[in-house]
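Open your viewer and get ready to select. We will take one stop at a time.

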Amino acid sequence: MGRGRQKAKATKQARDIKYYSPNTDYSALQRELTGPGSRATSHFANEPVEPDYSAYVDKYADDVDEDDDEVDTRRIG
């Protein structure tokens, strides 16, 4: 096959791919985007509830280092 025929075939294939538009099932797309609905609540029902630690915030606040956000100024080298 010569270069002209090869280029024409490649151009035809590229045009077919570019303008290809499959049938879209919009109802399936809507179901996918909206999620499972009521089944989502049953998925998280078995997980334990995290306890409330707000009562301990004041008690242990002094143990937290306040200088964590400082930049290390040591010179290396």
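Is L29 buried, partly exposed or exposed, going by its relative accessible area? Select L29 and show the surface. L29 has a relative accessible area of 38%. Buried would need under 20% and exposed over 50%, so L29 counts as partly exposed. Keep in mind that this is a predicted model.

**Next, the helix around L29.** Select residues 26–34. This is helix α2, and L29 sits in it. Of the nine residues of α2, zero are buried, so the helix lies largely in the open.

**Now the patch.** Select Y26, L29 and L33. Together they make a nonpolar surface patch of about 370 Å². In an α-helix, residues three or four places apart point the same way, because there are 3.6 residues a turn.

**Step past the end of α2.** Select G35. This residue comes just after α2 and takes a positive phi of about 90°.

**Zoom out to the protein chain.** Colour by secondary structure. The chain has three helices and zero strands. Read along the sequence, the pattern is α-α-α. Now show the whole surface. Buried residues make up 0% of the 77 residues.

**Last stop: confidence.** Colour by pLDDT. The mean for the protein chain is 77, and 69% of its residues reach 70 or more. Select residues 3–18: this is helix α1, with the highest mean pLDDT among the elements, 93. Then select residues 39–43: this is helix α3, with the lowest, 52. Where pLDDT is low, the predicted coordinates should not be read in detail.

Definitions and conventions: Residues are numbered from 1 along each chain as its sequence is written. This is a predicted model: local features need pLDDT of at least 70, side-chain atom pairs count only at pLDDT 80 or more; totals for chains, interfaces and linings use all residues. Side-chain values use heavy atoms; hydrogens and water are left out. Patches are made of residues with over 30% relative accessible area and no salt bridge: like charges are joined within 9 Å, nonpolar side chains (Val, Leu, Ile, Met, Phe, Trp, Tyr) within 5 Å. Accessible areas come from the Shrake-Rupley method with a 1.4 Å probe; for residues, only the protein chains shown count as cover. A salt bridge is a side-chain nitrogen of Lys or Arg within 4 Å of a carboxyl oxygen of Asp or Glu. Helices (H or I, at least four residues) and strands (E, at least two) are DSSP runs, numbered from the N terminus. Buried means under 20% relative accessible area, exposed over 50%, partly exposed in between (1.4 Å probe, protein chains only). pLDDT is the predictor's confidence in each residue, from 0 to 100.
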